Amino acid sequence: MDFAISDKMQAILEMMNEFVDKELLPLEPEYLKRNFVDLLPQLEEKRRLVKQMELWAPQHPREWGGMGLDLMDFALVSEALGRTPLGHYVFGAQAPDAGNIEILHRYGTEAQKETFLEPLVAGKIRSCFSMTEVEMPGSNPIMLETTAVKDGSDYVINGQKWYTSSADGARFAIVMAVTNPEASPYLQASMIIVPTDTPGFNRVRNISVMGHAGSGWASHAEILYQSCRVPRKNLLGPEGQGFVIAQERLGPGRIHHCMRWIGICQRAFALMCARASKRIIAPDGRPLSSKQIIQAWIAECAADIQAARLMVLHAAWKMQQYGAREARQEISLIKFFAAGILQKVVDRALQVHGGLGMTDDTILAFFYRHERAARIYDGVDEVHKISVARRILQDFENRPAR
Ligand SMILES: Cc1cc2nc3c(=O)[nH]c(=O)nc-3n(C[C@H](O)[C@H](O)[C@H](O)COP(=O)(O)OP(=O)(O)OC[C@H]3O[C@@H](n4cnc5c(N)ncnc54)[C@H](O)[C@@H]3O)c2cc1C
């Protein structure tokens, strides 16, 4: 295992961190007061600067206009950009586009790549991923009600989805729908590309999540597919392989999210330490940081962040060396562990800020609201824990007790 950072990568990270500090953090107060789409002109300008600096789309191949970083290096980038909710978007590395780009690279036909992938990597359009359903349990994704029925040279899609993140303003959705109901459960669904201007693609609403409906990229929509007809050539990958492809999409995606959360932890931790050092809480002028309970929180958070960070880097390393299948256990471990650390660190940082922490005068309340979802999307905590425990216990079934 070698987690050493190359000189080139160190230079890239320094440039990115500086950009985040100078160009993006100053935009946050406005972002917290207004809607994402109101900020688009400024964000587009920042994107232009990122492209000029040749830091655009860090994890995408060079031949598509990206930086061509491998998973380990992109993990470090995700940490740097994660310090602000605007980071990944401005650098062209945001979910759900990043995951959609990966599967379009791998499974897209030449025509699909030209129409959907090329403008997506270039940041000219956005996309969304439409799998979770209102009436069915997302934690068991083989239970889908949405169908795509063949009719001549088309698929006709019917179903109700929600939490289709970033659907507002997206050019197309990648939809999971049952195409082969007679097949075994894991081979029933397919991925189909649906342009959002197709009749029958109805964005019902942006769901209000933790008090905010959001807008544009920063939103989660409910979508009703009503006799939504797309040509069969919009099938992405082989028919019936939707779950297999979805699993492939989730592996690197979980590394990206976990390292983004480590970036959030670093930011919250820095705010916590700064506030504790400056906030005078005693008449003799001693700050909050003089209290042992706060010192204990600071030490515990430092250890938690370090542990989670090394676990994520190890999972990334294993995935890069041996592939996603071999790294399944490590990925499940980091998914619930890093999400738990994120919640704990942000909560403590907020507590140290007292009433100020509850306001939108710092970024902490935003993190507290929006990052609670980390324990739910890309696999709920409980399912990851169950699969980790099952694999561990399997090893013990045939082993003599010692
Ligand atoms: C912010 C956010 C963004 C999202 N973005 C997208 C997106 O872009 N596209 C998309 O398709 N979906 C998206 N989702 C949906 C997400 O994938 C689902 O919410 C998730 O899979 C859980 O499904 P569910 O909400 O139906 O919960 P359910 O399946 O109903 O589960 C509810 C709870 O039951 C418990 N539980 C579930 N299974 C078990 C078990 N086996 N054992 C014990 N307890 C269990 C867990 O505590 C779980 O939280 C997003 C969700 C959020 C919150």
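This is a predicted model: local features need pLDDT of at least 70, side-chain atom pairs count only at pLDDT 80 or more; totals for chains, interfaces and linings use all residues.
Ground rules. Numbering starts from 1 along each chain as its sequence is written, local features need pLDDT of at least 70 and side-chain atom pairs pLDDT 80 or more, while totals for chains, interfaces and linings use all residues. Side-chain values use heavy atoms, without hydrogens or water.

Ligand first. There are 17 residues around the ligand, a residue being near if one of its heavy atoms lies within 4 Å. T132, G138, S139, Y163 and S165 come nearest.

What is the shell made of, by class? Eleven nonpolar, five polar and one charged residues. Here Ala, Val, Leu, Ile, Met, Phe, Trp, Tyr, Cys and Pro count as nonpolar, Asp, Glu, Lys and Arg as charged, and the others, Gly among them, as polar.

Which helix gives the most? Helix 13, with three residues. Helix 13 spans 381-397, and strand 3, 154-165, also supplies at least two. Helices (H or I, at least four residues) and strands (E, at least two) are DSSP runs, numbered from the N terminus.

Now the close atom pairs. On S139, a side-chain N or O atom sits 2.4 Å from a ligand oxygen. For ligand nitrogen atoms, a backbone N or O atom of F129 is at 2.8 Å, and a polar backbone atom of Y163 at 3.1 Å. The protein covers 66% of the 980 Å² accessible area that the ligand has on its own (Shrake-Rupley, 1.4 Å probe).

F129 takes us to strand 1, residues 127-130. S127 and F129 on one side, C128 and S130 on the other, are all buried (under 20% relative accessible area, 1.4 Å probe, protein chains only). Strand 1 runs parallel to strand 4, residues 172-178, with four bridges; pairing takes at least two DSSP bridges. S130 has V175 as its bridge partner.

How values were computed
A polar contact is a pair of N or O atoms within 3.5 Å; within protein, one must be able to donate a hydrogen and the other to accept it, and residues adjacent in sequence count only if both atoms are side-chain atoms. Buried means under 20% relative accessible area, exposed over 50%, partly exposed in between (1.4 Å probe, protein chains only).
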